[in-house]
Amino acid sequence: MSAAEAPLPAVEVVRSLFAAYLAQDRPAMERLLADDFVFTSPHDDHLGKDAFLTRCFPTADRFRSYELLDTVPVGDGEVFVRYAYELVGGGHHRNVEVLTVRDGRIAETQVYFGGSFPPG
């Protein structure tokens with residue numbers, strides 16, 4: 001594989017994933033997710049790629065604001081992400097995710113919901 005064909009660093013893949021989600025760019029999201037992608041959160045137990053794209057992907061319109069606070073590589077292809085958001089209906093929250101990047105694509109997302117936080 002040449003340098004021009006080398007996959008993006010894991011942190012950049014994760015940032016691209018969040019950008020595709022917020023922009024609701026489904027073709028970009030589909031390219032970023034591995035075929036065997038798995039998504040788990042307190043509300044979703046090991047959703048596959050198709051179920052994730054149907055159930056979770058089209059939800060960005062519920063956010064008034066959204067900010068990645070930390071995007072840190074933590075292991076072999078794993079990236080820790082902490083973000084803050086405000087919902088359109090009110091409320092400020094923070095969540096944490098651990099995403100696994102394999103061959104330049106997201107193979108797994110594990111979401112850990114945080115609590116409410118004051119603005120700022």
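1. Phe63 is buried, with a relative accessible area of 13%, where buried means under 20% relative accessible area, exposed over 50% and partly exposed in between, computed with a 1.4 Å probe on protein chains only. The model is a predicted one, in which local features need pLDDT of at least 70 and side-chain atom pairs count only at pLDDT 80 or more, while totals for chains, interfaces and linings use all residues. Residues are numbered from 1 along each chain as its sequence is written, and side-chain values use heavy atoms, with hydrogens and water left out.

2. Across the whole structure, a search finds 12 aromatic pairs; rings of Phe, Tyr and Trp (its six-membered ring) pair if their centres lie within 6.5 Å, and planes under 30 degrees apart count as stacked, over 60 as edge-to-face and the rest as tilted. The rings of Tyr21 and Phe63 have centres 6.3 Å apart and planes at 75°, so this pair is edge-to-face. Because Tyr21 lies in helix H1 (residues 10-23) and Phe63 in strand E3 (residues 63-73), the pair ties together parts that are 42 residues apart in sequence; helices (H or I, at least four residues) and strands (E, at least two) are DSSP runs, numbered from the N terminus. Tyr21 is also buried, at a relative accessible area of 11%.

3. For Tyr66 and Tyr85, the ring centres are 6.3 Å apart and the planes stand at 20°, so the pair is stacked. Tyr66 belongs to strand E3 and Tyr85 to strand E4 (residues 78-87), so parts 19 residues apart in sequence are tied together by this pair.

4. Leaving aside neighbours within four places in sequence, Met29 is in contact (heavy atoms within 4.5 Å) with Leu17, Ala20, Tyr21, Phe52, Leu53 and Phe57.

5. Asp44, in strand E2 (residues 44-48), is buried, with a relative accessible area of 8%. Its side chain has a polar contact of 2.8 Å with that of Ser41 and one of 2.8 Å with that of Arg55; a polar contact is a pair of N or O atoms within 3.5 Å, where, within protein, one must be able to donate a hydrogen and the other to accept it, and residues adjacent in sequence count only if both atoms are side-chain atoms.
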